[in-house]
Amino acid sequence: VLLTFISCAVMFSPDWPTVGGGPQRTNWQMDETILNRQNVGNLKILWKLKLDNTPRQMHSLLPALIAGQVPTAAGPKQIVIEAGVSDNLYAIDADTGEILWKKHFDYPPPARNGGAQDPLCPGGQTATPVIGPPQASGARLVYALAGNGALHALDLATGNEAPRPVPFGYPNGKAYALNLWNNVIFTTTSQGCAGNPNQMWAMNLNDPEKKVM
C-alpha cells in the first residue's frame, strides 16, 4: 500500500512553487486526490536530512517548495527547494532525500547590517524563493533573493545561474516570501530592518533593464 501510495504521488507530483501554494496564498493543494481520512494516519517519514545552514537570530530554514517532472540529466525528478537564512539554497531529490545541488550566495558585508541584537532582523536571506513556470523544454528557474538585495535566477535542475543577479532590494531589508504573477516578481519589506523602508518591491522579468518598480 505504501509503495503504491508513493508511486502515485511521484507520478502525479503536484507543484508547490511558492509560499501558500500559489500567488493568492490560499494554502490549498487543489490537485491532491490521494489523501483522505481513511489513509492519512498511515503517513510515514521516508527520509531525514540535516542541512548545514547556520541559524541567525531565531531564523533558520524557510518553507520548502516543490516542483515535479523537472527534466534532469538523470531523467525527470521531483525536486524540493529549501532555502536558509545564511544565504544557502538547496535542491533535494524528493524521492531519495539526496542533495542534487547547493548554492551559497557570497557577497561583501553590506554597509547596512541586519540589526545584530534584533531577533526580528537577522540579515541574510529571509525571503522564501519562488519557482517559475515550466518553459517549452520543461526547464524551470528558481528565483532567490540574497541578503544583499540581489535577485538570483538559477536553473532548477542544475543550480547554474541563468542571467547575472540583479539589484532588487536594499541589503538586510528583511524581505518576505517572493511571489510571481504574469512574469512580475514582487515582495515586501517590513519592521524597518537595517534602516530600510517598509514597502512593496516589484520587477517585470521581461524588462531588459530589470528596473525595480
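This is a short walk through one protein model, from its overall build down to a few single residues.

Hi everyone. Before we start, please keep in mind that this is a predicted model, where local features need pLDDT of at least 70, side-chain atom pairs count only at pLDDT 80 or more, and totals for chains, interfaces and linings use all residues. Residues are numbered from 1 along each chain as its sequence is written, and side-chain values use heavy atoms, with hydrogens and water left out.

Let's take the overall build. The protein has one helix and 11 strands, where helices (H or I, at least four residues) and strands (E, at least two) are DSSP runs numbered from the N terminus. Reading from the N terminus, the order is α-β-β-β-β-β-β-β-β-β-β-β. The radius of gyration is 18 Å, close to the 17 Å that the globule rule gives for 213 residues, so the protein is as compact as a globular protein of that length. For the record, that radius is taken over C-alpha atoms, and the rule is 2.2 Å times the number of residues to the power 0.38. Along the principal axes, the C-alpha atoms fill a box of roughly 55 × 40 × 30 Å.

How much of the protein is buried? Buried residues make up 39% of the 213; buried means under 20% relative accessible area, exposed over 50%, and partly exposed in between, with a 1.4 Å probe and protein chains only.

Now, the inside. A nonpolar core here is a set of buried Ala, Val, Leu, Ile, Met, Phe, Trp, Tyr and Cys residues joined through side-chain atoms within 4.5 Å. The largest one has 18 residues, and I81, L89, W101, I131, V142 and L156 touch the most other members. The elements giving two or more residues to this core are β1 (65–70), β2 (77–84), β3 (88–93) and β6 (141–145). A second, separate core has 16 residues, including A127, Y143, L178 and L180.

Have a look at V142 on your screens. Leaving out residues up to four places away in sequence, V142 touches I81, L89, W101, P129, V130, I131, H152, A153, L154 and L156.

L178, from the second core, sits in the loop between β8 and β9. Is L178 buried or exposed? It is buried, with a relative accessible area of 0%.

That loop also holds N172, between β8 (166–167) and β9 (179–181). Most residues other than glycine have a negative phi. N172, though, has a positive phi of about 55° without being a glycine. N182 also has a positive phi, near 55°, and is found in the loop between β9 and β10 (184–188).

One last stop: S190, in the loop between β10 and β11 (200–204). S190 is partly exposed, at 22% relative accessible area. Which residues does S190 touch, not counting those up to four places away in sequence? They are G173, K174, Y176 and N198. By contrast, the C-alpha atoms of S190 and N27, 163 residues apart along the chain, are separated by 22 Å.

Definitions and conventions:
Contact = heavy atoms within 4.5 Å.
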